[in-house]
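Please open the structure in your viewer and keep the sequence panel beside it. The tour moves from one selection to the next and says what is found at each stop.

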Amino acid sequence: MDFLTIKELDKNNAIQNYGRYDVAFTYGEGSYLYDSEGKEYLDFSSGIGVASVGYSDPHWVKSVCDQVSRLAHVSNLYYTEPYVRLAERLTALSGMKAVFFGNSGAEANEGAIKIARKYSYDKYGKGRGTIITLFQSFHGRTMTTLTATGQPSLHQHFFPFPKGHKYIMANDQSALEEAMTEDVCAVMVEGIQGEGGVIPLEDVYVHKLAKLAEEKDILLIFDEVQTGNGRTGSMYCYQGYEVKPNIVTTAKGLGGGLPIGAILTDEKCSCVLTPGTHGSTFGANPICCSAANGVLDILTRPGFLDEVKKKGDRMKNVIRSWELPAIKEVRGKGLMLGVQLEGLSPKEAAADLLKKGLVVLTAGQDVLRLLPPLTITEEEIKQGLNILHDYFCRF
Ligand code: PLP
């Protein structure tokens, strides 16, 4: 199908809730995507952090196909091998105690909030259900996770919003201390705010948060939907801060392209959910869990995560070394980088770069976000950086 036919069918039949770019992708290989007209693009976006091992990786494809031909789905009334293997690996890699599988980041965060509230209710009774989140955070699009998302611009249209949420500025220790009152059951943070503008939390802030939370028996939830699964150079971003959350949520890169989300809980929270209190028809789906097992096989290869960190550091240093007027700051960790722009709209820059064969993302008001596949090669990084440099030199 040619591009105009695809676009027309979308316009006539799909709900128009996305501002799509004028491209229809038809296949991908490694770090490259190909459109309906056969044009090649280098991907610095990974489908918003999903294609963690690139496109059509042979090991990942085999993990999926072997499972598709054996068993696509059974309900959670029965055991299957792929999810128990995945759960065992995730607890070992994270140091958490137990896992619940769902289908998306929002679903994982929704479940985390349920666990936090039930933990608090079981122990302290009613009146301790407030969730603290940070301004500029992003936690999902369901009613509760949208409310938890600390972006007032998104708190419109869908009234009434659920109660029991409050917001504080990231990296402000006194605001944090003031907000942790007796009605609070959990604080939920992203180690690096992704959608909000690639804004990392400071070490000292995260340490203070972990200490206060422990003292007050307020649960610490790390939303690792975007930062998790190797993205920042450690398996989970919180491990880079050397703190231990009570709950970790993840999704995106975990399945490498198939929909899977997970809630990981520590000892304190692992028995909060009991039969009948939570569930998900497609959660722990054998194909998605096999895809995630395939991703973990790759991420746990010796030296793989060190390489992610090194590649990210090199990218950051190269972009910083350009010292171009259009670039104000480069920040982030591993292969989750934000290029803050000066006098240039990120949306326009992303559209221009797409025409030049480089797929990038935006974040916040003024940031270009780079999330290449974790398997990207040095040569491919160089190619992408050349495109970025040529483009930004014009301003
Ligand atoms: N949390 C974070 C940090 C995210 O970046 C996202 C998506 O961008 C979500 C939650 C929501 O994930 P999903 O779109 O899979 O529901």
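This is a predicted model: local features need pLDDT of at least 70, side-chain atom pairs count only at pLDDT 80 or more; totals for chains, interfaces and linings use all residues.

Residues are numbered from 1 along each chain as its sequence is written, and side-chain values use heavy atoms, with hydrogens and water left out.

**Helices around H13**

Begin by selecting helix H11 (residues 304-322) together with helix H13 (residues 378-392), which pack at an angle of about 25 degrees with their axes 11 Å apart. Helices here are DSSP runs of H or I with at least four residues, strands are runs of E with at least two, and both are numbered from the N terminus. The axes are lines fitted to C-alpha atoms, for helices over the stretch in contact, and the angles run from 0 to 180 degrees between N-to-C directions. That angle makes H11 roughly parallel to H13, where under 35 degrees counts as roughly parallel, over 145 as roughly antiparallel, 65 to 115 as roughly perpendicular and the rest as oblique.

Now show the side chains of Lys311, Arg314, Met315, Val318, Ile319 and Trp322 of H11 and of Glu378, Ile381, Leu385, Leu388 and His389 of H13, which make the contact (heavy atoms within 4.5 Å). The residues of this contact of H11 with H13 divide into seven nonpolar, one polar and three charged; Ala, Val, Leu, Ile, Met, Phe, Trp, Tyr, Cys and Pro count as nonpolar, Asp, Glu, Lys and Arg as charged, and the others, Gly among them, as polar.

**A glycine in a loop**

Next select glycine 283, in the loop between strand S12 (261-265) and helix H10 (286-299). Is glycine 283 buried or exposed? At 3% relative accessibility, glycine 283 counts as buried (under 20% relative accessible area is buried, over 50% exposed and in between partly exposed, with a 1.4 Å probe and protein chains only). Leaving aside neighbours within four places in sequence, glycine 283 is in contact with Asn76, Phe101, Gly102 and Asn103.

**Backbone details**

Most residues other than glycine have a negative phi, and most peptide bonds are trans. Select phenylalanine 159 and proline 160, which are joined by a cis peptide bond with omega of about 0 degrees; proline 160 lies in the loop between helix H6 (143-148) and strand S6 (165-168).

Move on to serine 46, in helix H2 (residues 46-49), which has a positive phi of about 50 degrees although it is not a glycine. Glutamate 242, also not a glycine, has a positive phi of about 55 degrees. Serine 46 is buried, with a relative accessible area of 0%, whereas glutamate 242 counts as exposed at 71%.

**Cysteines**

Finally, select the cysteines: how many disulfides does a search of the whole structure find? The search finds zero, a disulfide being a pair of cysteine sulfur atoms within 2.5 Å. The sulfur of cysteine 185 is 10 Å from the closest cysteine sulfur, in cysteine 269, too far for a bond. For cysteine 289, the closest cysteine sulfur is in cysteine 288, at 6.9 Å, which is also too far for a bond.
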